[in-house]
Amino acid sequence: RCALFAETAGWRLSGEARFGAGSTESRLTYDVRCSIDWRTRIASVTGTNAGNPIALRIEQTGGHWFVNGAPQTVVEGLADIDLYFPPATNILPIRRLIFVPGETVMVTAAWLAPEFRLAPLRQGYRTLGNGQFDYVSPDHDFHVRLSVHPSGLVADYPGLWPGEVPGGSLAPGP
């Protein structure tokens with residue numbers, strides 16, 4: 001589950017993901033705060049991954065990234081965080097970028113990989129209209145067609161997130 005909130009200084013995306021079973025079960029909560037132009041400012045990920053505790057505070061200031069205070073030069077200058085486990089963070093480039101029908105827009109995100117480290121991840125988005133986007137990750141030879149709600153939230157990510165987005169407007173901030 002996830003929720004999107006409009007805040008005075010930007011946007012907040014908060015959610016929870018549960019996946020796996022038994023000793024490989026993961027229960028993670030996340031909170032991503034963005035500027036008004038959808039650039040990541042702060043993200044947190046907490047919970048457990050296969051029984052191991054996770055507590056990350058990811059910050060981006062002026063293109064400089066930090067995880068729990070440690071500099072992350074490998075993702076220097078990037079605008080977006082992409083958490084590997086929910087499709088919710090796809091909203092950041094979808095809301096920030098300008099799309100021309102039929103053209104793919106390439107970006108590189110600061111990807112929180114399954115090992116819980118940041119790495120650059122090239123991504124491409126192409127709008128097909130009617131809330132459909134082709135998404136490609138050439139670094140992983142991956143392609144999927146996303147169904148996107150008018151808010152920008154991914155409503156369906158085949159093989160990962162069969163979801164729905166209730167209502168038609170953004171919720172006020174908590």
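**Exercise 1. Find the accessible surface of the chain and the share of it that belongs to carbon and sulfur atoms.**

Solution. The accessible surface, computed by the Shrake-Rupley method with a 1.4 Å probe, comes to about 8,700 Å² for the chain. Of this surface, 54% belongs to carbon and sulfur atoms. The model is predicted, so local features need pLDDT of at least 70 and side-chain atom pairs count only at pLDDT 80 or more, while totals for chains, interfaces and linings use all residues. Residues are numbered from 1 along each chain as its sequence is written, and side-chain values use heavy atoms, with hydrogens and water left out.

**Exercise 2. Decide whether the radius of gyration of the chain agrees with that of a compact globule, and describe the chain as a whole.**

Solution. Begin with the rule, which takes the radius of gyration over C-alpha atoms and sets the globule value at 2.2 Å times the number of residues to the power 0.38. Next, consider the extent of the C-alpha trace, which spans about 40 × 40 × 40 Å along its principal axes. Then turn to the secondary structure: the chain has one helix and 15 strands, where helices (H or I, at least four residues) and strands (E, at least two) are DSSP runs numbered from the N terminus. Finally, buried residues make up 45% of the 174 residues, with buried meaning under 20% relative accessible area, exposed over 50%, and partly exposed in between (1.4 Å probe, protein chains only).

**Exercise 3. Work out where the partners Arg12 and Asp31 lie, and whether each is buried or exposed.**

Solution. In general, side chains of opposite charge can pair when their charged atoms come close. A salt bridge is counted here when a side-chain nitrogen of Lys or Arg is within 4 Å of a carboxyl oxygen of Asp or Glu, and the count for the chain comes to 13. Arg12 and Asp31 meet this rule, with N and O 2.6 Å apart. The pair links distant parts of the chain, since Arg12 belongs to strand S2 (residues 10–19) and Asp31 to strand S3 (residues 26–35), 19 residues apart. Arg12 counts as buried at 18% relative accessibility, and Asp31 is buried as well, at 14%. Both residues also belong to a network of salt bridges that links Glu7, Arg12, Asp31 and Arg33.

**Exercise 4. Describe the salt bridge between Arg96 and Asp80, and then the one between Asp37 and Arg39.**

Solution. The side chains of Arg96 and Asp80 meet at 2.5 Å, N to O. This pair links helix H1 (residues 91–96), which holds Arg96, to the loop between strand S7 (70–71) and strand S8 (81–83), which holds Asp80, 16 residues apart. Asp80 is buried, with a relative accessible area of 1%. In the second bridge, the closest N and O atoms of Asp37 and Arg39 are 3.3 Å apart. Here Asp37 is partly exposed at 37%, and Arg39 is partly exposed at 38%.
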